[in-house]
Amino acid sequence: MTLIAVAVPVAWLLWLVVTEWVPMFPLNDLRAGNRRDRVLAACVNYPFPLLIAAGVALHRPWSLAVALVLCALCVAGHVRAWWVPYFGRATRGQREQYQREYARTLKILPAAGRAVVIDVQHMVVGVLTLAMAATTALAAFL
């Protein structure tokens with residue numbers, strides 16, 4: 001289980017790197033104008049899976065606890081960034097960022113009446129985030 005729990009955050013990171021830097025329209029919408037935002041997002045997001053994988057690989061009680069906390073932060077961040085605006089109210093900043101960066105990307109969820117609709121790229125991120133949290137928890141408690 002430890003090997004899988006290390007591999008899933010690495011897969012999560014690879015998915016982020018590929019979808020944030022390799023143009024694959026309509027899966028993503030990479031324009032020169034959003035490069036600065038992508039660099040900032042990379043600086044914030046990329047350390048998380050690396051620290052989670054390292055925490056699981058060390059397999060010490062404290063490192064597993066840190067990995068679990070980081071997983072919880074990743075799940076909470078994903079829910080706050082995508083699912084709360086989809087089912088609830090999106091902030092002005094979320095609506096503006098969505099229009100600027102994600103309005104043209106591939107979606108499978110209904111968009112009617114929604115200011116922010118999670119795209120396929122970020123649905124995959126959500127699945128990988130849950131898988132990362134689950135495999136980390138299994139590695140910690142089994």
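User: Which residues are linked in a network of salt bridges?

Analyst: This is a predicted model, in which local features need pLDDT of at least 70, side-chain atom pairs count only at pLDDT 80 or more, and totals for chains, interfaces and linings use all residues. Residues are numbered from 1 along each chain as its sequence is written, and side-chain values use heavy atoms, with hydrogens and water left out. A salt bridge is a side-chain nitrogen of Lys or Arg within 4 Å of a carboxyl oxygen of Asp or Glu. The network of salt bridges links Asp37, Arg100 and Glu101.

User: How far apart are the closest N and O atoms of Arg100 and Asp37, and of Arg100 and Glu101?

Analyst: Side chains of opposite charge can pair when their charged atoms come close. Arg100 forms a salt bridge with Glu101, with the closest N and O atoms 3.7 Å apart. For the salt bridge of Arg100 with Asp37, the closest N and O atoms are 3.9 Å apart.

User: Which helices hold Arg100 and Asp37?

Analyst: Helices are DSSP runs of H or I with at least four residues, strands are runs of E with at least two, and both are numbered from the N terminus. The pair links distant parts of the chain, 63 residues apart. Arg100 lies in helix H5 (residues 92-101), and Asp37 lies in helix H2 (residues 35-45).

User: Is Glu101 buried or exposed?

Analyst: Buried means under 20% relative accessible area, exposed over 50%, and partly exposed in between, with a 1.4 Å probe and protein chains only. Arg100 has 40% and is partly exposed, and Asp37 has 29% and is also partly exposed. Glu101 has a relative accessible area of 6%, so the residue counts as buried.

User: What residue forms a salt bridge with Arg92, and where do the two lie?

Analyst: The closest N and O atoms of this salt bridge are 3.2 Å apart. The partner of Arg92 is Glu96.

User: How many salt bridges does the structure hold, and how far apart are the mean positions of the positive and negative charges?

Analyst: The structure holds four salt bridges. For the charges, Lys and Arg count as positive and Asp and Glu as negative, while His and the chain ends are not counted. Each charge is placed at NZ of Lys, CZ of Arg, CG of Asp or CD of Glu. The mean positions of the 13 positive and 6 negative charges are 4 Å apart.

User: How many helices and strands are there in the protein chain?

Analyst: From the N terminus on, the elements run α-α-α-α-α-α. That gives six helices and zero strands.

User: What is the radius of gyration of the protein chain?

Analyst: The radius is taken over C-alpha atoms, and the globule rule is 2.2 Å times the number of residues to the power 0.38. With 142 residues, a compact globule would come near 14 Å, which agrees with the value for this chain. The C-alpha atoms fill a box of roughly 45 × 30 × 25 Å along the principal axes. The radius of gyration is 16 Å.
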